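Morning, everyone. Please have the sequence and the structure open while I talk.

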Amino acid sequence: MNLESFLLMRSEIGLLAILLLLIILEIFSNKKQKAAVIPFALILLAINTVLGFLPLESGELFGGMFRTNALLYFFKTTLSLGVLILLLQSADWLKEKVVDENKATEFFILIISSLLGTYFMISAGDFLMFYIGLELTTLPVAALVAYDTYKRISAEGAVKYILSSALASGAALFGISLLYATTGTIYFESMAEILASSNLAILGFIFFFSGLAFKISLAPFHFWTADVYEGAPINVASYLSVISKGAAVVILMILLFTVFKPLMPVWNKIIYIVIIATMFIGNLFAIRQQNLKRFLAYSSIAQAGFILLGLMSVDQLGTTTIVYFVAVYIFSNLGAFGVVQAVSSASDKENINDYEGLYRTNPKLSLLMMLALFSLAGIPPLAGFFGKFFLYTAAASQGYYILVFIAVVNATISLYYYLLVVRAMFLRQSDQAIPYFKSPFYMRLGLILAAIGILVAGVYSPLYDYIFSISNTFLN
Amino acid sequence: MDILSLFVIVPILIVLALTFFAKDLKQARLISVVGMGIQFAMSINLIFAYIKERAVNTNIMVFTKDVVWYETFNIHYSIGVDAISVVMIALTAVVLLAGVFISWKIDDLPKEFFISLIALSSGVFGFFISTDLFTMFVFYEIAVIPMYLLIGIWGSGPKENSAMKLTLMLMGASAVLSVGILGIYFNSNADGGPLTFNIFEIAQVNIPVAAQNIFYPLTFIGFAVIGALFPFHTWSPSGHASAPTAVSMLHAGVLMKLGGYGVFRIAMYLLPVGALNWSDFFLVLSAFGVIYGAFAAIMQKDLKYVNAYASVSHLSLVLFALLMFNRTAWTGAIIQSLSHGLLTAMFFALIGMVYGRTHTREIEKLGGIMKILPFIGAIYVITGLAYLGLPGFSGFVAEMTIFVGAFQHPDLFHRILTIVVVSSIVVTSVYILRMVGKIMMGPLSNEEYKDLPKATWFEKTGLILLLIPVIMIGVLPLGLSEMLKESIQPFLERLL
């Protein structure tokens, strides 16, 4: 192993360097200098994201514990871009509420180490690395959920999150140990060769799957979602719903398509039922929500059900579509959460009713919110439409027309509640409408990036075709 | 830039111009009128260009163009027109231009109104020029969704509920349609070729009968909901009644035609065996829709509801004619689409004018309008007579052709249904004549109406724009039906 092969971990090393720099800065800077942390961290992360567009070879490290290829690398860059947008959207919130309390650096350190965790998780080549990555993703977020320490609801959310993720990790770990018991290995590649459909293997898989299902908030493991989102600061909820969920979906896909491929007849049926349950539960509960954070929580549960449609097609099409949809979903959800964040920091209002008449006072924000919600609902020409249609295509390619039919029915239900927000913003007029406000620079930048993603990622077809061209790299 | 893509690009440019340059109502409507005027001129130009091109080009579609969009799925941006799409494009352009004139005085958020209206039109134009299933579906949804804002913001009455109902029903239908489209797509390699979304490539493939029987009803219903197929028509009356005038015009006049067009171009053309197997079922539904719509129209008290139910009746007639599977009936169906599009747009425009002056749409409260507003009254009577099928206007040509075509079926089932449907003409006369007689003739119902302002120039322009083609189709139907005949032939051959 020579030094050059470490470059395969370029994105991880980059993040680690940012982390160390931030820690040094935290130690050696005085209170005044700390205000500079925000632009500093943003610029570093932006550089790391841009570097991610440089090509990288495939390869393995540490005897197969860590592996990378074009698809994983692309996905990491997407996640990094997502976190960048998210941090841009939270920069002003941090400046206003947190610098005084001397906590800005912590926020960056925690969120970037969680991002590092997702990197390790999706690059894992064995279950040990996977588990370390999973924990590294989860634990910093638990601290972040409780970031508004003075708010009771925030602390409550954090406790709920840490308890349920501890349970989930435990379940996953138990599943892994059962799988180890049947195959005698924890390496993905060798397990894929040995694994056969036995009762013990299936039991192990089910435990393992339920652990991951917690992270993705699939029904019936979704109960923590709404409460935690409501309690967490908006940007943390946003992180949970896009980055942490997206990474968990992709690792689930990788494992199902490679390691658990021998068990496909079993997990196919499980996923089929989980998809239907998740979509219906997410959608039907979303209808009744008033608080936008809870609303987006249930909407993101429903979206997770849609994403799993791609798992029904165990081939290049399914892989591509899932990665593409997650990318698109990151932009759409960040758009919606970004607007909620902007409105909340300007007026402290988070309910759908409070948005009545928003178009007449803040037309641009309302427009972006509408675009983001329509993208989530799957309305052309926005990116979400293409993502959803291709998910249907993936499921239909294996003949699951009934499942697709149930999914399109759910898409129509989801359109109803997305339109409820549009109705409040555009159709209603109110004397107590949130007055006009101008968002600060970072926020606007973050919102514009999300809007560009929503508008371009669908119509610009080379993106999908590019993912398709690299997605065969891991199936072989 | 090719002649067809401009129909999509010009509206997008107008939307951008409105977004960035329009400051108030005057500028917004100026940009819209100029833009839609260009669009109208382009559509007239397209008719002549098409006739010229048709003389030398015998392909099904002319002015074709094909650009790969999503390589992975073999999705193309492929476009082309035949006579049917050309006349539909012309109809859209006319109704849209008239709609802009009718909305001359819109006061609330004028810029946004025109943006939504014109964004919607880009979807409609795109739908009519597409020859790729996926692209067509994208344009279809673009044409539907702005409706929510148009009705919800600028509508009247229970507008929020009507807008929600309309949007959900139409988007639900398009969701069903997407399953049908996927079914067609994944069967397009039945003969060993590649998977494709291209309509004319799929038409060369013999899709297995079992698949056709499943996916035909999905595709048919997906399109027919917007074509007001009974019992999925319920969005239409409440939606049209709540919508602002120009939107009712555009929706009843153009958007509902997407249904018949899609059924004809996609469902029947690509799944012919399914079409024949299911024809009786849908024929009964559409025949019922014709009768039901006509009787429901009699019972209405609100002018807009009368017209909305009349639309249900007349558009069910289009579906009825399409399900007859012969050339005469199909020609009639297309002429009926045109004729109904123009006439219903005129009706909605007139109702909007009367309502704008008297602030009521209830038949009971209106009377003697003719004496006060002679121009509006005269056009109202003409429209009514054209609507119930008076010779010399488009309505007569359309209905006559449909019934002649329908009667060509020798079997008892089709004959009886045809006779039942023909009787709807009588019912139509009842509600049209009663309505016209009560509100136009008759004694003046309210003394305050004496001072109602006369029709303005923009209202007259809008109405005359619509009236001219109505008379042209009525007086010179042969040119039109000759033009359509050739284009119908390849679609008919697929079924026989």
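I will go from the chain contact to some helices and then to the backbone details.

First, a caution. This is a predicted model.

Let's start where the chains meet. Chain A puts 25 residues in contact with 26 residues of chain B. On the chain A side, three helices each supply at least two residues: H16 (383-397), H17 (401-427) and H19 (462-470). H17(A) gives the largest share, with 13 residues. Now the make-up of that side of chain A. There are 19 nonpolar residues, 4 polar and 2 charged.

One residue on the chain B side is worth a stop. B:Ala175 sits in helix H7 of chain B. Is B:Ala175 buried or exposed? Buried, because it has 24 C-beta neighbours inside 10 Å, and the cut-off for buried is 20 or more. Leave aside residues up to four places away in sequence, and B:Ala175 touches A:Val408, A:Val409, A:Ala411 and A:Thr412. For scale within chain B, take B:Leu16. B:Leu16 and B:Ala175 are 159 residues apart along the chain, and their C-alpha atoms are separated by 29 Å.

Next, helix H6 of chain B, residues 146-154. How many of its 9 residues are buried? The count is 9 of 9, so H6(B) is mostly covered. The buried set runs through B:Pro146, B:Met147, B:Tyr148, B:Leu149, B:Leu150, B:Ile151, B:Gly152, B:Ile153 and B:Trp154. What covers them? From chain A, the cover includes H17. From chain B, it includes H4, H5 (133-144), H7, H10 and H11 (245-255).

Look at the pairing of H6(B) with H7(B). H7(B) spans residues 159-186. The axes are 8 Å apart, at an angle of about 165 degrees. The two helices are therefore roughly antiparallel. The crossing of H6(B) past H7(B) is right-handed. From H6(B), the contact uses B:Met147, B:Tyr148, B:Ile151 and B:Gly152. From H7(B) come B:Lys159, B:Glu160, B:Ser162, B:Ala163, B:Leu166 and B:Thr167. By class, this contact has 5 nonpolar, 3 polar and 2 charged residues. As a reminder on spacing: an α-helix has 3.6 residues a turn, so residues three or four places apart point the same way.

A second pair in chain B is H18 (394-407) with H19 (412-422). Here the angle is about 160 degrees and the axes lie 9 Å apart. That makes H18(B) roughly antiparallel to H19(B). What is the hand of the crossing as H18(B) passes H19(B)? Left-handed. B:Phe403, B:Ala406 and B:Phe407 from H18(B) meet B:His414, B:Thr418 and B:Val422 from H19(B). The contact divides into 4 nonpolar residues, 2 polar and no charged.

Back to chain A, and helix H15 (363-377). H15(A) has 15 residues. From first C-alpha to last it reaches 21 Å, close to the 21 Å expected at 1.5 Å a residue. Of the 15, 12 are buried, so H15(A) is largely enclosed by the rest of the structure. Among the buried ones are A:Leu365, A:Met369, A:Phe374 and A:Ala377. The buried residues pack against H12 (292-308), H13 (316-347), H14 (358-361), H16, H17 and H18 (441-459) of chain A.

What follows the helix? Just after H15(A), A:Gly378 takes a positive phi of about 90 degrees. Then comes a cis peptide bond, joining A:Pro380 and A:Pro381, with omega about 0 degrees. A:Pro381 lies in the loop between H15 and H16 of chain A.

Chain B has a cis bond to show as well. The bond from B:Phe230 to B:Pro231 is cis, with omega near 0 degrees. B:Pro231 is in the loop between H9 (209-224) and H10 (235-242) of chain B.

B:Leu109 has phi near 45 degrees. B:Leu109 sits in the loop between H3 (83-102) and H4 (110-129) of chain B. With 19 C-beta neighbours inside 10 Å, B:Leu109 counts as partly exposed. B:His359 has phi of about 60 degrees. B:His359 is in the loop between H15 (327-358) and H16 (369-372) of chain B. B:His359 is exposed, with 8 other C-beta atoms within 10 Å.

That's the tour. Questions, please.

Note on methods: Residues are numbered from 1 along each chain as its sequence is written. Chains are lettered from A and ligands numbered from 1 in the order in which they are written. This is a predicted model: local features need pLDDT of at least 70, side-chain atom pairs count only at pLDDT 80 or more; totals for chains, interfaces and linings use all residues. Axes are lines fitted to C-alpha atoms, for helices over the stretch in contact, and angles run from 0 to 180 degrees between N-to-C directions. Helices (H or I, at least four residues) and strands (E, at least two) are DSSP runs, numbered from the N terminus. Angles under 35 degrees count as roughly parallel, over 145 as roughly antiparallel, 65 to 115 as roughly perpendicular and the rest as oblique. A crossing is left-handed if the near helix is turned anticlockwise from the far one by less than a right angle, and right-handed if clockwise. Two residues are in contact if their C-beta atoms, placed from the backbone, lie within 7 Å. Ala, Val, Leu, Ile, Met, Phe, Trp, Tyr, Cys and Pro count as nonpolar, Asp, Glu, Lys and Arg as charged, and the others, Gly among them, as polar. The expected span of a helix is 1.5 Å times one less than its number of residues.
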